Amino acid sequence: MFTVQHVTKKFNDNPVVNDISFRLESGRCVALLGANGAGKTTTLRMLSGLLKPTSGSIAFEGMKLGADMRNHIGYLPQHPVFHGWMTGKEFLIYVGQLAHLTKVKATELADYYLERVGILDAKDQRISKYSGGMKQRLGIAQALIHSPNMIMLDEPVSSLDPIGRREVLTLMEELKEQTTILFSTHILSDAEEVSDDLLLMHKGEIVESGTLNELRHKHQTSKINLSFHESNENYLPMVEQLPGIKTCYLDREDIVCVIEDMEQTRQALLEKIATDQWPLTRFEVSRASLEDLFMKVVNK
Amino acid sequence: MQWRTIFRKEMLEYCRNFSWVWVPIVFIILAIMDPLTTYYMPIILEKAGGMPEGAVFEMPDITAVDAFMMSLGEYSMFGVLVIVLFTMGTIAGERKSGVVELILVKPVHYGTYISSKWAAKLTVILVSASIGLLTSWYYINLLFGELSFTLIIQAIFFYSLWFVLVVTITIFFSCLFKSPGAVFGTSIVTLLSMFAIYRVFSHKLSWFPNSLSGHIGEMLQTETIPNTLWGAGLTTIVSSLIILLIAVLIFRKKELA
């Protein structure tokens with residue numbers, strides 16, 4: 001649906017987004033994941049047409065080059081600002097008309113989406129009286145009003161309290177059925193919860209992408225966590241020398257061993273512990289999570 | 001369609017934030033202040049006192065045309081200031097607050113966005129300025145003598161062109177800068193430079209926008225529209241449209257983030 005090719009964005013010769021390429025498939029919910037300052041907002045702004053790429057191309061499937069992409073896109077900025085003197089409903093009708101809806105149609109859809117995002121009760125209140133969560137939901141409603149093929153949400157839940165977050169995530173879960181969603185977040189669990197695909201961004205580049213399952217599978221490494229009665233440091237060099245251990249490091253209370261072959265290494269480890277009578281207090285087999293992948297990429 | 005939507009939204013905003021109340025009031029005050037104080041000056045002096053005993057205060061004779069030109073004089077000073085203050089945030093304010101992000105991700109042409117806001121501001125300002133001048137005309141007729149209605153309408157028409165230019169210059173800088181303060185500064189500096197240029201070269205620049213009020217005075221005296229007034233009017237309106245066009249072109253290239 002969307003093809004991004006070699007897009008770079010520089011501010012004063014400083015590349016904020018550096019040569020990224022990816023494709024978005026229709027009907028998917030894609031999370032753009034990355035730490036603060038990774039270039040997520042800049043990427044979304046370029047896709048929505050608010051910024052022009054320094055180089056590279058963004059193409060919308062089935063559209064002529066140079067045509068107005070904005071007809072097919074709904075966008076929610078990170079901190080949406082509205083005309084505070086308007087009511088929620090007035091604002092939706094206004095932006096609906098700006099997206100070429102007739103007044104009647106815009107009014108009808110405004111009511112529908114106010115209901116859909118759960119702020120119908122507040123439709124005749126001035127927006128300046130809205131809470132943060134209500135504004136975020138009004139923001140989602142305005143992104144949807146012209147039934148775009150795709151909506152882009154910039155950090156839709158980051159600024160919300162736990163209840164608001166849960167509500168917006170549930171709403172996104174529902175919206176997945178009717179439109180393509182691209183949203184940015186720096187919180188992995190949000191991405192894991194609603195998205196089908198992940199784009200992992202770091203320092204302006206897309207460092208990893210794929211479906212959630214693919215990524216889980218690809219980066220699944222086995223780990224063994226060990227802990228000893230006395231100081232772990234003493235045992236670290238000895239553990240390191242055992243066969244089949246890729247790396248070993250100290251993590252708080254544990255020695256974490258990343259290994260290749262679980263069966264073989266577990267055997268070797270347990271034998272060693274038994275024969276040398278190491279004061280083992282903990283032995284745990286675990287699998288690396290996406291969070292480890294995230295951390296690995298970000299700390300690189 | 002979109003143009004009307006934005007225009008109507010601006011109008012609604014001017015109702016809600018009481019622009020439709022205060023802008024006319026300011027212009028009425030500006031227009032009537034000078035003629036009224038001049039007329040009542042002898043009475044004011046007498047009541048306020050402070051004149052030395054036996055001093056004779058000779059008031060110059062003031063014609064209706066002079067009185068009307070006083071109103072225009074106030075407009076040229078404080079009127080322009082009010083307009084710049086009222087207009088400077090038109091685009092800059094929306095960009096600074098970030099509302100523009102929500103508007104311009106909808107398929108709105110930049111030309112539509114700017115020109116509709118321009119037209120909305122002009123509507124408020126020109127209507128208010130006209131109300132002010134008509135009020136002033138009413139008092140002038142009562143206090144100083146007859147001035148024909150047609151002449152006043154013509155004067156209002158030509159003087160409005162000057163305000164069109166002032167609004168356009170302010171909107172131009174409003175497209176350029178994000179901070180309303182910067183817009184205010186640059187607009188005022190531009191207008192002052194135009195004034196200075198006109199002062200120095202006035203004999204050669206009879207079609208210069210700043211010459212409008214001089215020509216209007218001439219028109220009121222002679223009761224015919226001088227050619228130079230048509231000329232100055234034309235330059236003013238053409239340069240306004242060109243500046244507006246450049247503003248749109250610059251805005252289109254600009255990154256809105």
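Start where the two chains meet: across the interface of chain A and chain B, two salt bridges are found. Keep in mind as you look around that this is a predicted model.

Select Glu90(A) and Arg16(B) to see a salt bridge, with the closest N and O atoms 2.7 Å apart. Now colour helix H2 of chain A, residues 88–98. With six residues, H2(A) gives the most to the side of chain A that touches chain B. Other elements that give two or more residues to this side include strand S1 (2–11) and helix H4 (132–144) of chain A.

Next, show the whole contact region. Here 35 residues of chain A are in contact with 29 residues of chain B, and the two chains bury about 2900 Å² between them. Carbon and sulfur atoms account for 59% of that area.

Now move to the largest nonpolar core, which has 155 residues. Pick Phe2(A), Tyr113(B), Trp162(B) and Phe163(B), the members that touch the most others. Then highlight helix H7 of chain B (residues 149–176), which brings 18 residues, the largest share of this core. In chain A, domain 1 (2–217) and domain 2 (219–299) each contribute at least three residues to this core.

Zoom in on Tyr113(B). Beyond its neighbours within four places in sequence, its contacts include Ile6(B), Ile91(B), Glu94(B) and Phe251(B).

For a last stop, select Leu226(A), Phe228(A), Ile255(A) and Ile273(A), which are among the 16 residues of a second, separate core.

Note on methods: Residues numbered from 1 in each chain as written. Chains lettered and ligands numbered in written order. Predicted model: local features only at pLDDT ≥ 70, side-chain atom pairs only at ≥ 80, totals over all residues. Heavy atoms only, no water. Core = buried A, V, L, I, M, F, W, Y, C linked by side-chain atoms within 4.5 Å. Buried < 20%, exposed > 50% of the residue type's maximum accessible area, 1.4 Å probe, protein only. Helix = DSSP H or I, 4+ residues; strand = E, 2+ residues; numbered from the N terminus. Domains from an automatic or database assignment. Contact = heavy atoms within 4.5 Å. Buried area = accessible area lost by both parts, 1.4 Å probe. Salt bridge = Lys/Arg side-chain N within 4 Å of Asp/Glu carboxyl O.
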